[in-house]
Amino acid sequence: MSQLSLNITLDQEATFDNFYAPQTSTQHIAVSSLKEKTHKLIFLSGLSGTGLSHLLQAACHCQTNAIYLPLTEMVNASPDDILDRLEYSKMVCLDDVHSVISHSSWQHSLFNFYNRCLENGARMVFSSHIRIDSLGVVMPDLISRFKSGLILHLWDYREGDLLYLLKHRAGRRGLNLPEEVIVFILNRLTRSTRTLMEVLDVLDEASMRTQRRITLPFVKETLEL
């Protein structure tokens, strides 16, 4: 696996095994599609917390000579410099396309990048918090390129899935979260994936530091609820 010399590293926890994807969810379809590696282009959209960055990094963990680029960190960079020669990778995952697409220079560079990838056989995966038709792209040819592959919109997890999501991610860490603890967390905090994962990080670290089990009193004390 190669990465550009931009001090970008993949999150080691961002794997398919560590990703909760209920059978009926678009997350499950996305996982299956990325694993199959049959689509030359996949465009994923969804709100923050639906797992876009996790999925793109997980795909890179499973592919040699893959590139993952979080475009939110490159808004002010030259797109030609960023995308130069990436088409020689087997797969390029460009995260948060919405953060740069309003710049005409990025639109032209992405259009040329797509054509180079097509010529070289490189697979492309794009993610955006905004759907393709709402991105504000003024180049019809670029829109048609984005739409030439598989397009999936990831919906946020349903309320019932959040309970199983917490159980799944806690179990992967070797943590035992009693159901009363999970219900308490869901009733007291914002029900978004990002918030819940941040809470899990806090509880995991506090449990290790204090050598205490994660009980309801422990959670109330740690989270000051």
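Predicted model: local features only at pLDDT ≥ 70, side-chain atom pairs only at ≥ 80, totals over all residues.

Colleague: How many helices and strands does the protein chain have?

Modeller: Helices (H or I, at least four residues) and strands (E, at least two) are DSSP runs, numbered from the N terminus. Here the protein chain has nine helices and five strands. Along the sequence, their pattern reads α-β-α-β-α-β-α-β-α-β-α-α-α-α.

Colleague: What radius of gyration does the protein chain have, and how is the value to be judged?

Modeller: The radius of gyration is taken over C-alpha atoms, and the globule rule is 2.2 Å times the number of residues to the power 0.38. For 225 residues, a compact globule would have a value near 17 Å; the protein chain has 19 Å, which agrees. Along the principal axes, the C-alpha atoms fill a box of roughly 60 × 35 × 35 Å.

Colleague: What percentage of the residues count as buried?

Modeller: Buried means under 20% relative accessible area, exposed means over 50%, and partly exposed lies in between (1.4 Å probe, protein chains only). Of the 225 residues of the protein chain, 50% count as buried.

Colleague: In what order do the strands of the sheet lie?

Modeller: Strands of a sheet pair through backbone hydrogen bonds, either parallel or antiparallel. Two strands are taken to pair if DSSP finds at least two bridges between them. In this model, five strands form an open sheet in the order 2-3-4-1-5, with parallel pairing. Strand 2 (66-70) and strand 5 are the edge strands, each pairing on one side only. On average, neighbouring strands of this sheet are turned by 10° against each other, direction ignored. As an example of pairing, strand 3 (residues 91-95) and strand 4 (residues 123-128) run parallel and are joined by four bridges. Met91 stands opposite Arg123 in strand 4.

Colleague: Which strands does helix 4 touch?

Modeller: Contact means heavy atoms within 4.5 Å. Axes are lines fitted to C-alpha atoms, for helices over the stretch in contact, and angles run from 0 to 180 degrees between N-to-C directions. Helix 4 (residues 104-120) packs on the sheet and touches strand 1, strand 3 and strand 4, its direction making about 150° with that of strand 4. Helix 1 lies across strand 1, strand 4 and strand 5, and runs at about 145° to strand 5.

Colleague: How many aromatic pairs are there?

Modeller: Rings of Phe, Tyr and Trp (its six-membered ring) pair if their centres lie within 6.5 Å; planes under 30 degrees apart count as stacked, over 60 as edge-to-face and the rest as tilted. By this rule there are four aromatic pairs. One of them joins Tyr20 and Tyr157, a tilted pair at 5.9 Å centre to centre with 35° between the planes. Tyr20 lies in the segment before helix 1 (26-36) and Tyr157 in the loop between strand 5 (150-154) and helix 6 (159-172), so the pair ties together parts 137 residues apart in sequence. Both Tyr20 and Tyr157 are buried.

The rings of Phe43 and Phe146 have centres 5.1 Å apart and planes at 55°, so this pair is tilted. Phe43 in strand 1 (residues 41-46) and Phe146 in helix 5 (residues 140-146) are 103 residues apart, and the pair links distant parts of the chain. Phe43 is buried, with a relative accessible area of 1%, and Phe146 is buried at 2%. Ring pairs link Phe43, Phe126 and Phe146 into a cluster.

Colleague: How many disulfides does the structure hold?

Modeller: A disulfide is a covalent bond between the sulfur atoms of two cysteines. The cut-off used is a pair of cysteine sulfur atoms within 2.5 Å. The structure holds zero disulfides. The sulfur of Cys62 is 9.4 Å from the closest cysteine sulfur, in Cys60, too far for a bond. Cys93 is in no disulfide either, the nearest cysteine sulfur, that of Cys60, being 3.8 Å away.

Colleague: Is Gln107 buried or exposed?

Modeller: Gln107 lies in helix 4 and counts as buried, at 2% relative accessibility. Leaving aside neighbours within four places in sequence, Gln107 is in contact with residues including Ile101, Val138 and Leu142.

Colleague: Which residues does Phe184 touch?

Modeller: Phe184 lies in helix 7 (residues 179-188). Not counting residues up to four places away in sequence, Phe184 touches Leu216, Val219, Lys220 and Leu225.

Key:
Residues numbered from 1 in each chain as written. Heavy atoms only, no water.
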